[in-house]
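Biologist: I would like to go through this model one point at a time. Please show it first.

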Amino acid sequence: MENTVSADIYVDVMLRVNGSARRLRLDSRVTLLDALRDELDLTGTKKGCDQGACGACTVLLDGKRVLSCLTLAAQCEGREVTSIEGLAPDGGLHPVQEAFIRHDGFQCGYCTPGQIMSAVALLQEGRAGSDEEIREFMSGNLCRCGAYPNIVAAIREVAGRGSE
């Protein structure tokens with residue numbers, strides 16, 4: 001039996017990634033995570049568990065957070081994808097990135113892009129009313145280093161309730 005891939009499983013996909021239109025020809029089974037990392041060389045989005053359990057691959061899709069390892073690139077046709085590389089304009093830092101630095105909201109840094117993308121969406125969703133609410137809505141993003149108190153403090157600061 002010959003091991004070949006049928007040409008009909010390839011699709012042309014037009015994505016808007018970090019404000020730029022990108023046309024890709026992909027196997028229809030390619031995830032958004034793999035398209036970002038392997039096709040577009042945007043490696044800030046991390047591959048953690050590849051099962052949707054850790055949140056390391058969180059990006060924004062039309063302003064909403066999604067797990068890019070569970071999202072097919074073909075599902076994103078014509079939609080706006082924002083990765084950590086496109087979060088702040090002109091090479092600056094987004095306020096959430098600045099707060100993570102001030103509060104040491106990262107240690108090894110591996111989960112940090114996904115944590116930041118999830119925090120940005122959490123704030124846009126208006127779900128930072130209390131520390132408990134922040135913890136609940138960030139619970140899909142795991143940190144093996146245990147920087148959770150610092151992450152909550154950073155989000156709380158950006159939400160406007162002070163830096164402590």
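Predicted model: local features only at pLDDT ≥ 70, side-chain atom pairs only at ≥ 80, totals over all residues.

Biologist: Which residue in the turn between E1 and E2 has a positive phi?

Modeller: E1 and E2 form a hairpin, with two residues between the strands. The phi in question is about 50°, and the residue in the turn that has it is Asn 18.

Biologist: What is the phi of Asp 62, in the turn between E3 and E4?

Modeller: E3, residues 58–61, and E4, residues 64–67, run antiparallel and are joined by four bridges. Thr 58 stands opposite Leu 67 of E4. The two strands form a hairpin, and Asp 62 in its turn has a positive phi of about 55°.

Biologist: Is Arg 22 buried, exposed or partly exposed?

Modeller: Arg 22 is part of strand E2. Apart from neighbours within four places in sequence, Arg 22 is in contact with Val 13, Met 14, Leu 15, Val 17 and Leu 40. Buried requires under 20% relative accessible area and exposed over 50%. Because its relative accessible area is 33%, Arg 22 is partly exposed.

Biologist: How far is the C-alpha atom of Arg 22 from that of Lys 46?

Modeller: Along the chain, Arg 22 and Lys 46 are 24 residues apart. In the model, the separation of their C-alpha atoms is 20 Å.

Biologist: What is the C-alpha separation of Ser 139 and Gln 115?

Modeller: Ser 139 sits in the loop between H4 and H5. With a relative accessibility of 46%, Ser 139 counts as partly exposed. Ser 139 and Gln 115 are 24 residues apart along the chain, and their C-alpha atoms are separated by 9.9 Å.

Biologist: Which helices do the buried residues of H5 pack against?

Modeller: H5 spans residues 148–158, and its buried residues include Ile 151, Val 152 and Ile 155, along with the charged Arg 156 and Glu 157. Just after H5, Gly 160 has a positive phi of about 95°. The packing partners of the buried residues of H5 are H2, H3 and H4.

Biologist: In what order do the elements of the whole protein run?

Modeller: The protein has five helices and five strands. From the N terminus on, the order is β-β-α-β-β-β-α-α-α-α.

Biologist: What is the radius of gyration of the protein?

Modeller: The C-alpha trace spans about 60 × 35 × 25 Å along its principal axes. For 164 residues the globule rule gives 15 Å; the value for the protein is close to that, so the protein is as compact as a globular protein of that length. The radius of gyration is 17 Å.

Biologist: How far apart are the centres of the positive and negative side chains?

Modeller: There are 17 positive and 23 negative side chains in the protein.

Key: Residues numbered from 1 in each chain as written. Heavy atoms only, no water. Rg over C-alpha atoms; globule rule 2.2 N^0.38 Å. Charge placed at Lys NZ, Arg CZ, Asp CG, Glu CD. Pairing = 2+ DSSP bridges. Buried < 20%, exposed > 50% of the residue type's maximum accessible area, 1.4 Å probe, protein only. Contact = heavy atoms within 4.5 Å.
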